[in-house]
Amino acid sequence: MDVQTAGTGDQSRLVAAIVLAFSVDPAARWTYPAPESYLRHFPDLVRIFGRRAFECGTAHFMGDAQAAALWLPPGVQPDEEALMAHFQGTVPEQDQDTLFAVFEQMGQYHPDEPHWYLPLIGVDPAQQGKGYGSALLRHALRRCDEDGTPAYLESSNPKNIPLYQRHGFEVLGTIQVGSSPPITPMLRRAG
């Protein structure tokens, strides 16, 4: 199965794949622990976080969107204002300080040099273990190597760290505030 670049008509399919993939993600479910809340609010979070990947033509998928990766090219940042507004409207007020402190720490790990940022990658749980995540990573990392540009991500699920390490990412530290699950910032130098 080949990696494809998503068009605007593919957005809902890619969002659905990522929502399925993150349904057992520790950080996503810490943010939205109730199933109804998760299903109501997480799709919008994915749309906000990944919007610029669709705009830049750097959203990729496999098959019928069984797997998706939303990359942001160098110089392109997520819409932080829209993200904060989304969290303020969907996360209980008593949990917002901790969540915003997590995001503040995440920002401290982002490289200062131009880099590719992978805010979201996911594989439908029914399709995991078939190499889709690796194929999506190889596809994008090939471009990083051609451009000589590093790649950066935050792993919100400890189970995924070995996958990223196999693709050359190195752990930079651990982000954890209060009751939040650990999030692992990772960097891959161009090969």
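Which residues in helix 3 meet which residues in helix 4? In this predicted model, where local features need pLDDT of at least 70 and side-chain atom pairs count only at pLDDT 80 or more, totals for chains, interfaces and linings use all residues. Residues are numbered from 1 along each chain as its sequence is written, and side-chain values use heavy atoms, with hydrogens and water left out.

On the helix 3 side, the meeting residues are His41, Asp44, Leu45, Ile48 and Phe49; on the helix 4 side, they are Ala82, Leu83, His86, Phe87 and Thr90. Contact here means heavy atoms within 4.5 Å. Helices (H or I, at least four residues) and strands (E, at least two) are DSSP runs, numbered from the N terminus. By class, this contact of helix 3 with helix 4 has 6 nonpolar, 3 polar and 1 charged residues. The classes are nonpolar for Ala, Val, Leu, Ile, Met, Phe, Trp, Tyr, Cys and Pro, charged for Asp, Glu, Lys and Arg, and polar for the others, Gly among them.

With a relative accessible area of 2%, Leu83 is buried (buried means under 20% relative accessible area, exposed over 50%, partly exposed in between, with a 1.4 Å probe and protein chains only). Not counting residues up to four places away in sequence, Leu83 touches Leu45, Ile48, Phe49 and Pro78. Between the C-alpha atoms of Leu83 and Tyr117, which are 34 residues apart along the chain, the separation is 16 Å.

Leu83 and Tyr117 both belong to the lining of the second largest pocket, together with Phe49, Gln77, Pro78, Glu80, Met84, Phe103, Met106, Gly107 and His110. Helix 4 and helix 5 are the elements that give two or more residues to this lining. Its residues divide into 7 nonpolar, 3 polar and 1 charged, and the second largest pocket has a volume of about 180 Å³.

The largest pocket holds about 820 Å³ of space. Pockets come from a 1 Å grid over the protein atoms alone: a cavity is a set of points where a 1.4 Å probe fits but cannot get out, whereas a pocket is an open set with protein on both sides within 12 Å along at least five of seven lines, and lining residues have an atom within 4 Å of a point. Grid points are joined across faces, edges and corners, and a volume is the space filled by probe spheres set on the points. The lining of the largest pocket has 44 residues, of which Phe22, Asp25, Ile121, Ser156 and Asn160 lie nearest its centre. At least two lining residues each come from helix 2 (26–31), helix 3, helix 5 (93–109), strand 4 (116–123), helix 6 (132–147), strand 5 (151–155) and helix 7 (161–166). Strand 4 gives the largest share, 7 residues. By class, the lining of the largest pocket has 27 nonpolar, 12 polar and 5 charged residues.

The buried residues of helix 1 are Leu14, Val15, Ala17, Ile18, Val19 and Ala21, and what covers them includes helix 3, strand 2 (59–62), strand 3 (67–72) and strand 4. Asp10 is placed in the loop between strand 1 (3–5) and helix 1 (11–21). This Asp10 is buried, at 17% relative accessible area, and touches Thr5 and Phe61, residues up to four places away in sequence not being counted.

Ala65, in the loop between strand 2 and strand 3, has a phi near 65°, a positive value in a residue other than glycine. Ala65 counts as buried at 8% relative accessibility. Glu36 is found in helix 3 and counts as exposed, at 58% relative accessibility. Gly191, in the segment after strand 7 (184–188), also counts as exposed, at 81%.
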